Amino acid sequence: MSCGRRKIYLAWAASWVAGLATIFVGCAGDFLVDFVPDPNADPAPGGSLGPVTADEVLIRFRNFSQTDAVNVEFFLSNTPLGTLPADLLVDQYGTSASIGVAGTGILQPLHSDEVLFPCTADLVIGTTGGTFIDNDTGEVRGIGDMRWSRDASVGLCGRRVTFGFGPVDDGFITRLTIGQ
């Protein structure tokens with residue numbers, strides 16, 4: 001294969017993979033943009049809730065900001081929904097139970113939390129992006145990116161899912177990763 005054809009093929013393959021990531025995760029095209037947290041500022045790993053069974057999903061929330069708290073604004077549904085993410089991101093499916101400070105859904109700077117939820121083939125999870133709040137004054141500093149996913153697309157049941165919230169340049173970003 002000639003050098004020119006190889007470059008064209010690699011560019012096509014990269015755009016195809018990026019397109020698949022957007023389709024399967026159901027989020028904006030900046031999904032592949034990543035904030036790089038300060039390695040010395042990594043949120044406390046927290047205790048793992050143990051093995052995840054096939055009918056559960058472990059959701060982990062991580063705040064990479066050194067100065068801002070974040071309200072994770074988490075939504076979850078195990079019932080079939082029509083239009084995503086609009087039908088998910090409503091008060092009916094919002095939850096903060098067991099998340100953050102006293103179940104408020106707020107993570108202090110450099111903190112993490114994790115929760116096990118029941119999982120079905122209709123599971124849909126997401127966040128409006130999280131609201132970043134100055135930990136000293138309570139002033140709203142910014143909002144991360146909306147992220148959502150459903151079991152039917154990527155197989156969330158029996159897996160560990162992480163929502164990472166952090167600063168980037170002059171704003172904030174929210175990252176969704178799905179692992180084993």
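Four strands make up an open sheet in the order S6-S1-S11-S12, with mixed pairing; strands here are DSSP E runs of at least two residues, numbered from the N terminus, and two of them pair if DSSP finds at least two bridges between them. S6 and S12 are the edge strands, each pairing on one side only. On average, neighbouring strands of this sheet are turned by 15° against each other, direction ignored, with axes taken as lines fitted to C-alpha atoms. This is a predicted model, in which local features need pLDDT of at least 70 and side-chain atom pairs count only at pLDDT 80 or more, while totals for chains, interfaces and linings use all residues. Residues are numbered from 1 along each chain as its sequence is written, and side-chain values use heavy atoms, leaving out hydrogens and water.

Let's walk across the sheet. S1 and S11 run parallel over 6 bridges; Phe61 has Phe163 as its bridge partner in S11, and Arg62 stands opposite Gly164. S11 and S12 then pair in the antiparallel sense over 9 bridges, with Pro167 bridging to Phe172. Their hairpin has 2 residues between the strands, and Asp169 takes a positive phi near 45° there.

Now for the packing. The largest nonpolar core holds 21 residues, and Ile59, Phe61, Phe74, Ile125 and Phe163 have the most contacts inside it. Such a core is a set of buried Ala, Val, Leu, Ile, Met, Phe, Trp, Tyr and Cys residues joined through side-chain atoms within 4.5 Å, where buried means under 20% relative accessible area (1.4 Å probe, protein chains only). S1, S3, S6, S11 and S12 each supply at least two of its residues. Apart from this core lies another, of 8 residues, including Phe75 and Leu81.

Definitions and conventions: Buried < 20%, exposed > 50% of the residue type's maximum accessible area, 1.4 Å probe, protein only. Axes fitted to C-alpha atoms, helices over the stretch in contact; angles between N-to-C directions.
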